[in-house]
Amino acid sequence: MNRDAVIVGVASLMIIGVFHPIVIKCEYYFSARVWPLFLVAGVLLEATALFTYGLHAYILALVGTACLWSVIELKEQEKRVDKGWFPKNPRRK
């Protein structure tokens with residue numbers, strides 16, 4: 001049996017589920033200007049995954065990819081807020 005494949009599948013679902021609210025909250029509290037943090041984290045995690053073996057490498061690569069995808073999603077979330085689909089932070093100008 002290949003349990004690693006199931007673990008990677010479940011981990012990817014959980015990572016996507018965790019990053020969705022993270023992007024929403026980051027845009028709400030900090031705006032989309034935090035995208036460089038996600039970019040740096042994504043690149044570092046992907047680089048770390050290159051030098052790691054086994055299941056840890058797959059999980060690191062998944063989280064790194066989610067960070068890189070969040071760069072795009074932050075900008076899209078900003079557009080969704082402008083359209084009124086999500087609340088705008090009233091304390092932020």
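**Exercise 1. Describe the overall fold of the model.**

Solution. The protein has three helices and zero strands. The model is a predicted one. Read from the N terminus, the elements run α-α-α. Next, take the extent. The C-alpha trace spans about 50 × 25 × 15 Å along its principal axes. Then turn to the contacts. Of those with a separation of 6 or more, 70% join residues 24 or more positions apart. Last, the surface and the interior. The accessible surface comes to about 6,800 Å², and carbon and sulfur atoms hold 70% of that surface. Of the 93 residues, 26% are buried.

**Exercise 2. Find the largest nonpolar core and the elements that supply it.**

Solution. Start with the members. The largest nonpolar core holds eleven residues: I15, F19, V23, C26, A32, V34, F38, A66, C67, V71 and L74. Now assign them to elements. Helix 1 (3-30) and helix 3 (55-82) are the elements that give two or more residues to this core. In soluble globular proteins, nonpolar side chains tend to be buried together.

Now pick one member, C67. Set aside its neighbours within four places in sequence. The contacts of C67 are then F19, F38, A41, G42 and L45.

**Exercise 3. List the salt bridges and classify the residues that form them.**

Solution. The whole structure has two salt bridges. Take R80 and E73. Their closest N and O atoms are 2.9 Å apart. E73 has a relative accessible area of 21%, so it is partly exposed.

Now take K79 and E76. Their side chains meet at 3.6 Å, N to O. The cut-off for a salt bridge is 4 Å, so this pair qualifies. How far apart are K79 and E76 along helix 3? They are three residues apart, which means a separation of about one helical turn. Finally, check accessibility. K79 is partly exposed at 48%. E76 is partly exposed as well, at 32%.

**Exercise 4. Identify the aromatic pairing and describe its geometry.**

Solution. The count comes to one aromatic pair. Its members are Y28 and Y29. The ring centres are 4.9 Å apart, and the planes make an angle of 90 degrees. Planes over 60 degrees apart count as edge-to-face, so the pair takes that label. Y29 has 48% and is partly exposed.

**Exercise 5. Characterise S31: its position, backbone, burial and contacts.**

Solution. First, the position. S31 sits in the loop between helix 1 and helix 2. Second, the backbone. Phi of S31 is near 75 degrees, a positive value in a residue other than glycine. Third, the burial. Is S31 buried or exposed? Its relative accessibility is 5%, so S31 counts as buried. Fourth, the contacts. With neighbours within four places in sequence left aside, S31 touches C26 and R92.

Definitions and conventions
Residues are numbered from 1 along each chain as its sequence is written. This is a predicted model: local features need pLDDT of at least 70, side-chain atom pairs count only at pLDDT 80 or more; totals for chains, interfaces and linings use all residues. Side-chain values use heavy atoms; hydrogens and water are left out. Rings of Phe, Tyr and Trp (its six-membered ring) pair if their centres lie within 6.5 Å; planes under 30 degrees apart count as stacked, over 60 as edge-to-face and the rest as tilted. Buried means under 20% relative accessible area, exposed over 50%, partly exposed in between (1.4 Å probe, protein chains only). A nonpolar core is a set of buried Ala, Val, Leu, Ile, Met, Phe, Trp, Tyr and Cys residues joined through side-chain atoms within 4.5 Å. Helices (H or I, at least four residues) and strands (E, at least two) are DSSP runs, numbered from the N terminus. Contact means heavy atoms within 4.5 Å. Accessible areas come from the Shrake-Rupley method with a 1.4 Å probe; for residues, only the protein chains shown count as cover.
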